[in-house]
Amino acid sequence: MADIAAVPLTPTSPPHGTLARAERFVWLTARVLEQRLFAHHFRDGAAGPVETAVEAYRNADGGYGHALEPALRGPASLPAHTARALHVLDSVARCDARRAEDVCRYLTSVSTTEGALTAIRPEAALPAVRPAGSGDAAVRLPGALSATAPVVGLLHRNEVWHPWLFRATDFCWQAVESLDAARPGDVVAAVLFLDHAPDRARAEAAAERLGHLVRRERLVVLDPDAPGARPAASTAPGSVSGHTPGDRRFPHDYARTPDSLARAWFTDAEIERSLDVLAAGQQADGGWPARRLPGAPEPAPAALLEARPIATIEALRTLAAYGRSLA
């Protein structure tokens, strides 16, 4: 078998530039899905191969499993896998009505009575704990904004209408508008909902309140030079141990694109410093570290290796959205 390291890079950027280094990292470490996703976003690749790769993770119940979200290592459909699938399909403009109908049918089966999705423990994805297609483990837990809001936001972005979505939207509004001592992950999820919620005036008002909360509660790092503010030093090439703590957020973590409602929370100087930190986070092997969720166990090497290409593609997309050079 040929050494994958010998596969030539597409010669459209400097061989030691940000994009070329990231591309080499993706080809050496990523799953087929992330390789095709990278090709679509940065090498004019078609959307069809990305869609085909995502479908390999879909179960008969309409949800997605099989470690599509790397931290969850089982075959069972879970909301986190489905959120990941929707994010990928939306990014390549393949979140069509037919697929959305199947997804919403699955989401209905695993949501709470108020239409909310739950944050599932990693072991719930394993067959011995929760068989594929079973929603029983999900409905016994309370609804979580962090699980529900990103899915609802993406479905609204794609103009999906489904009975479940009405209930889930009401849950998100209630949860977002009652946040007063939020965790960073809840705010990130809330922004993903507010950026696409149909009631734009209400979304703008809620976002303004959240922005004040983020700054008042110091849920964002505004001074990258403060002790302990920056991510850990780069790992050696080939390492799979790179991750960043889940509770340290910079402006770009909230405002992932310039048109996000969260962009108004920060000055131009704060955004530029944040993007400097993001750009500097590229490690020696060309990839970015994966984020470790608060309270989650130390990720297994396989899960971390699969998560880092995802983090790398997201970092590149954020830098590109703000006009940063990837050369």
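Colleague: What share of the contacts in the protein with a separation of 6 or more comes from residues 24 or more positions apart?

Modeller: A contact here means heavy atoms within 4.5 Å, and residues 24 or more positions apart account for 67% of the contacts with a separation of 6 or more. This is a predicted model, in which local features need pLDDT of at least 70 and side-chain atom pairs count only at pLDDT 80 or more, while totals for chains, interfaces and linings use all residues. Residues are numbered from 1 along each chain as its sequence is written, and side-chain values use heavy atoms, with hydrogens and water left out.

Colleague: How many helices and strands does the protein have, and what percentage of its residues is buried?

Modeller: Helices (H or I, at least four residues) and strands (E, at least two) are DSSP runs numbered from the N terminus, and the protein has 13 helices and two strands. Buried means under 20% relative accessible area, exposed over 50%, and partly exposed in between, with a 1.4 Å probe and protein chains only; of the 327 residues, 53% are buried.

Colleague: How should I read helix H8, and which of its residues are buried?

Modeller: An α-helix has 3.6 residues a turn, so residues three or four places apart point the same way. In H8, the buried residues include Trp-164, Leu-165, Ala-168, Phe-171, Cys-172 and Ala-175, and their cover includes H5, helix H7 (145-157), helix H9 (184-194) and helix H10 (200-216).

Colleague: Which residues touch the most other members of the largest nonpolar core?

Modeller: In soluble globular proteins, nonpolar side chains tend to be buried together. A nonpolar core is a set of buried Ala, Val, Leu, Ile, Met, Phe, Trp, Tyr and Cys residues joined through side-chain atoms within 4.5 Å, and in the largest one, with 82 residues, Leu-155, Trp-164, Phe-193, Leu-194, Tyr-254 and Trp-265 touch the most other members. H8 gives the most to this core, with eight residues. Leaving aside neighbours within four places in sequence, Trp-265 has contacts that include Val-187, Leu-210, Tyr-254 and Glu-270.

Colleague: How many disulfides does the structure hold?

Modeller: A disulfide is a covalent bond between the sulfur atoms of two cysteines. With the cut-off for the pair of sulfur atoms set at within 2.5 Å, the structure holds zero disulfides. For Cys-95, the nearest cysteine sulfur is that of Cys-104, 8.7 Å away; Cys-95 is buried, with a relative accessible area of 7%.
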